[in-house]
Amino acid sequence: MASHAQNDGAPSPLHRRSPPRVLLLRKPHHFSLINRPLPDNFHFLKPWESPLPFDDFLSSPDARAAEAILTYGGAPVTADMLRRLPEARLVVTASAGLNHIDLAECRRRGIAIACSGDAYTDAVADLAVGLLIDVLRKLSAGDRYLRRGLWSSEGEFALGSKLGGKRVGIVGLGRIGLEVAKRLEAFGCAISYQSRKKKPYVSYAFYSNVYELATNCDALVICCGLTEETHHMINREVLLALGKEGVIVNVARGSIIDEKEMVQLLVQGELGGAGLDVFENEPSVPEELLALDNVVLSPHTAVYTPETLSDLCDLVVGNLEAFFSNKPLLSPVLYERTGCSAGIGSVTTTKPDSVGFT
Amino acid sequence: MASHPQKDGAPPPFGRRPPRPPCVLLLRHPLQFSLFNRPLPDNFHFLKPWESPLPLDDFLSSDNACSAEAILTSGKVPVTADMLRRLPEVRLVVTTSAGLNHIDLAECRRRGIAIANAGGAYSEDVADLAVGLLIDVLRKVSASDRYVRRGLWSSEGEFALGSKLGGKRVGIVGLGSIGLKVAKRLEAFGCAISYQSRKKKPHASYAFYSNVYELAANCDALVICCCLNEQTHHMINREVLLALGKDGVIVNIGRGSIIDEKEMVQLLVQGELGGAGLDVFENEPKVPEELLALDNVVLSPHTAAFTPESFSDLCDLVIGNLEAFFSNKPLLSPVLDE
């Protein structure tokens, strides 16, 4: 059944063609977690249902016909994969992070990318703030104290540390960073930030490097994307600058922090505390952390609410339908950003005709 | 050496008093002073019953205690009518707590005794903890920390879903200094705020409910920020909690007895109430054993005011109130009759 090619070479509208083939790199747990079926106007290729190993599956005629790839953080889209899927014109990732996608290869091939847009922003910002409050005010530690019966036997619990007046440095002032800042302002925190470039419409104090930021802050909240530049950006030097009372919260990617150094400094008492939703080698968590009372450990749940996942599923489906209806993507990735951003007025590089579909 | 009484019967101003410092009965050494080795002010004479071999009752009858002109207490040691009757010189009660449920307010009023409390010294920290507890319960922060520490992330896989804060309808019970700060913080998360209090607050733009049952019926979460008195005792009863519902969350940073704790525990165990974040309990430091087994509750050992800043501010306030009173100046944090 031939598709009806438009004169300009763009794919035929959705309703007038066979369902587009979409390669799923992983089981779509964002859908299954909320019992949401995959949309039936697409043909989803599911490698895990094939007896073939993944590599061979990619070479199969089925896979080679894939026009889009649906992936998640942690399931990489490599140059090799893209080479073997010549019909792929779109990558949709159900993540805010893009570190698992070969962006350069996508750009070379004119492949459009859609990410999680704004779907995750609030939930991640909420958890970042929740982790900071927990570490400073020792919420989980106090809960442990009580559950062990120590309130009765040992008496009063320890003091925490006040939020108001704390100087908090946001690393990466994208959507998530901005929402974290807005929340913390309501608690009376003084906000500053580091990012590659100063943001023109933002009133918070700007630092061009994280070492300076850490030196001038009581806490850091990591909200940036993971790239070559940001890998292990939060190193021993930065953590020492944050100091013995300093607190670090990470809701971005584990490898932005040199985890080994951070653990050592926490154990030695050179760093005050940490609230971590991400780790270098999930689900492995450094054993030393499990014994510390001044850390709060979260199993990468920053986006885990039904509302957030539902918004995300809407967005995934919406992006697929938009692309295959020749409409602009709902949450396109701009190639010069490291994280997902589809703000108002942003230039989309994703209209099929603008990237030379023929 | 005679004191120079003012015409109106007020104690002589501090500067013109005879060299004898005002006598203050200290019912307990305040944690806020002792934790940081902050000395009690030396321009007062503090009577310390625990240093006497006499039981408190006998101490109160002794000549020593009789001369007390002020009482300094904490939230845990009651100031009763009987005590006040036996200390006829007392004109001032200072409590290090924000709460007043341990003080016989009616008797103080009858005797013209002024009362000073912690004022707003704790409000920010208490509001911060209330919000922290709500986030923790909704997003399962402590529960997921336990999950990771038990090694279950590796062995069992993904943790459970939490519940989003944004869009939640949160009802503040008692829109005083603390309640207002809780509201302002939660607005930044996109929560929709409403409140219940004895009277509608003219300057608050939030939706007002005159009774807690209606508030609970129209909210996803309640944050208890009111004080404990006869009217509010067990005000959050079974009916109110059922109205809050199976997914409803309650946070309490007020006093344990504002909630009917036995009913709340039963509803939590039965799954009729979604979760709870509790900093206070009816019989501290005892916590109902059933709660220790639940994953949807966050338990806090009454630490809402536990920061060095709050403690330091409180010490300043206690000293400031004592000095003001005995200099015939207005109290810094008076408890007003309403």
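Okay, let's start with α6 of chain B: 16 of its 17 residues are buried, so the helix is largely enclosed by the rest of the structure. Buried means under 20% relative accessible area, with a 1.4 Å probe and protein chains only. Helices are DSSP runs of H or I, at least four residues, and strands are runs of E, at least two, numbered from the N terminus.

Ground rules: this is a predicted model, where local features need pLDDT of at least 70 and side-chain atom pairs count only at pLDDT 80 or more, while totals for chains, interfaces and linings use all residues. Residues are numbered from 1 along each chain as written, chains are lettered from A and ligands numbered from 1 in written order, and side-chain values use heavy atoms, without hydrogens and water.

Over to Thr301(A), in the loop between β12 (295-297) and α14 (306-323) of chain A. Thr301(A) is buried, at 4% relative accessible area. Leaving out residues up to four places away in sequence, Thr301(A) touches Leu127(A), Asp277(A), Arg139(B) and Phe159(B); contact here is heavy atoms within 4.5 Å.

Last, the open sheet in chain A: five strands, ordered β2-β1-β3-β4-β5, with parallel pairing. Two strands pair if DSSP finds at least two bridges between them. β2 (43-45) and β5 (112-114) of chain A are at the edges with a single partner strand each, so one side of each has no neighbour in the sheet. Inside, β1 (21-24) and β3 (68-71) of chain A pair over three bridges, and Leu23(A) has Ile69(A) as its bridge partner in β3(A).

Technical notes: Buried means under 20% relative accessible area, exposed over 50%, partly exposed in between (1.4 Å probe, protein chains only).
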